[in-house]
Amino acid sequence: MGFAAMAARPLCSSITLLTRPKRIFAPLASSYSSSPLKTRTLVLYSKPGCCLCDGLKEKLQAAFLLSTPNSLHDVVLEVRDITSNPEWEKAYQYEIPVLAKLLADGSEETLPRISPRLGVEHVQKKIAAALTQ
């Protein structure tokens, strides 16, 4: 799909701003395997009007749609508006966008910053690698 066609499409419903953490992206049903999917969760700390945040959301949306060995179809994305929570705002006001993975115990591990210059395939590979660690 060309860039113009992607730009004309609305963002995936899974990428919306939240004031409270909750899951907003349901994993796709797997047509690749009969086994149930184990979901992985990413948290994106963002705020309205942040062009870097918007750019990362668009890259993530595109990366989630790619069907490759590094597939992210089972990833749940939570987008958190830091302006809605004083703790988030204090922690991330000068750092957004911040991407973190949710660990099994409920804690978060911040992922290394993803360059806005990376192509979608590289973003997908970096996220897939970070989620397997």
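Residue numbers start from 1 along each chain as its sequence is written. Since the model is predicted, local features need pLDDT of at least 70 and side-chain atom pairs count only at pLDDT 80 or more, while totals for chains, interfaces and linings use all residues; side-chain values rest on heavy atoms, with hydrogens and water left out.

The protein comes to 4 helices and 4 strands, taken as DSSP runs numbered from the N terminus (helices H or I, at least four residues; strands E, at least two). Their order from the N terminus is α-β-α-β-α-β-β-α. Of the 133 residues, 37% are buried, that is, under 20% relative accessible area with a 1.4 Å probe, protein chains only.

Helix α2 takes up residues 51–65 and reaches 22 Å from first C-alpha to last, close to the 21 Å expected at 1.5 Å a residue (1.5 Å times one less than the number of residues). Its buried residues include C53, L56, L60 and F64, along with K57 and Q61.

A search of the whole structure turns up 2 aromatic pairs, meaning Phe, Tyr or Trp rings (for Trp, the six-membered one) with centres within 6.5 Å; planes under 30 degrees apart are stacked, over 60 edge-to-face and the rest tilted. Y45 and W88 make an edge-to-face pair, at 5.7 Å centre to centre and 70° between the planes. This pair links distant parts of the chain, 43 residues apart: Y45 sits in strand β1 (residues 40–46) and W88 in helix α3 (residues 86–92). Y45 counts as buried because its relative accessibility is 2%, and W88 does so at 11%. Together with Y92, Y45 and W88 form one aromatic cluster.

Conventions:
Buried means under 20% relative accessible area, exposed over 50%, partly exposed in between (1.4 Å probe, protein chains only).
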